[in-house]
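Subject: Structure for your review

Dear colleague,

Please find below the structure that I am handing over to you. I would be grateful if you read the notes that follow with the structure open.

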Amino acid sequence: MKVWINNNTKSISKKTAEKIKQGVLDIGFELDKKNPDIAISVGGDGTFLKTFHEYRNKVNNVRFLGVHTGHLGFYADWRDFEVDELIKALKNDQNKSIKYPILDVEITFRNGETKKISSLNETIIKRPSQTMRADVILDGEFFEKFRGDGLCFSTPSGSTAYAKSIGGAVIHPKSHVMQMNEIAPINNRVYRSISAPIIVPSTQTVEVILGSEKDYMVNYDTNSQTNCEIKSMKFKLSDQSIKFAQLRDRHFWGRVEHAFLGTNDFL
Ligand code: NAP
């Protein structure tokens, strides 16, 4: 079994990563940064997102595993003080995994160039300077003329991140859907948009055709691109999924409760 361990710069993450490295070598695993069977992220959900992007093009072959060095994150099943249990679980690994959806986005720039990006949490198109103008085409049909700050397209696992902060629904990651949220939509007698989260099935594409302004910003997970001259963007759930190494049960609603309400002591 080949594994690789990514960590953030916090000293607890570095120490934990070293301990995991030693532990996996002790049970006869190899370290392989290029083609790991399991990519382990040590840090927060942000670190996990970076690990996902590093191996995005290898998701069919890589399983992912998160170790959180702060509170329990949404992408981490393990905590820094559980390394011994984690190594035991890796030794007894039955090659089981659990899949979560990935969002694919195709960007067409004004100069005709195109770029494909993916996100595990969300992709946001916005115009930070002034009102963003966009036509939204839903499953091939004109849906609305949007005016406001921007639009956010999130995966189910990203629904607890930025999307939740702007009024989105929390969606169980077993649901194969994407969510569109408007960011600060303008609604008055002149402009009218749905102003509610829209849940789109995995078979459908949302296209956003932008006004001719030159200062759009695209945020996708921990990445961003500014001052973009974008003509249009297409959003659809990917045919591929991220696979998490399933070494223990993932209880999504328990995590939601723990992260946002904290009333039960279930973890
Ligand atoms: P960041 O500082 O790395 O993350 C901001 C916060 O979002 C952190 O507390 C992070 O948890 C948490 N987070 C990340 N993914 C999550 C998920 N799927 N469910 C629940 N919480 C999650 O910020 P960044 O580098 O700019 O962006 C990374 C992600 O953070 C983005 O994809 C975005 O969704 C989220 N974010 C949210 C807001 C907001 O809610 N207003 C603002 C900026 C960014 P950890 O501490 O475990 O890393």
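Why does the ligand lie between domain 1 and domain 2? Both domain 1 (2-96 + 246-260) and domain 2 (102-239) give residues to the shell around the ligand, so the ligand lies between them. Please note that this is a predicted model.

The ligand has 17 residues around it, and Asp45, His68, Glu122, Thr160 and Ser165 come nearest. By type, the shell divides into five nonpolar, nine polar and three charged residues.

Ser165 places a polar side-chain atom 2.5 Å from a ligand oxygen. The ligand taken alone exposes 810 Å², of which the protein buries 60%. Helix H2 (45-54) and helix H4 (162-165) are the elements that give two or more residues to the shell; the largest share, three residues, comes from H2.

I also draw your attention to a sheet. It is open, with six strands in the order E13-E12-E11-E8-E15-E16 and antiparallel pairing. Strand E13 (198-201) and strand E16 (223-228) form its edges, since each pairs on one side only. From one strand to the next, the twist averages 15 degrees. Within this sheet, strand E8 (residues 122-126) pairs with strand E11 (residues 150-154) in the antiparallel sense over five bridges. Ile125 has Leu151 in E11 as its bridge partner.

A colleague

Conventions. Residues numbered from 1 in each chain as written. Predicted model: local features only at pLDDT ≥ 70, side-chain atom pairs only at ≥ 80, totals over all residues. Heavy atoms only, no water. Near = heavy atom within 4 Å. Polar contact = N/O pair within 3.5 Å; in protein donor to acceptor, adjacent residues only side chain to side chain. Areas by Shrake-Rupley, 256 points an atom, 1.4 Å probe, with all protein chains shown as cover. Helix = DSSP H or I, 4+ residues; strand = E, 2+ residues; numbered from the N terminus. Nonpolar A, V, L, I, M, F, W, Y, C, P; charged D, E, K, R; others polar. Domains from an automatic or database assignment. Pairing = 2+ DSSP bridges. Axes fitted to C-alpha atoms, helices over the stretch in contact; angles between N-to-C directions.
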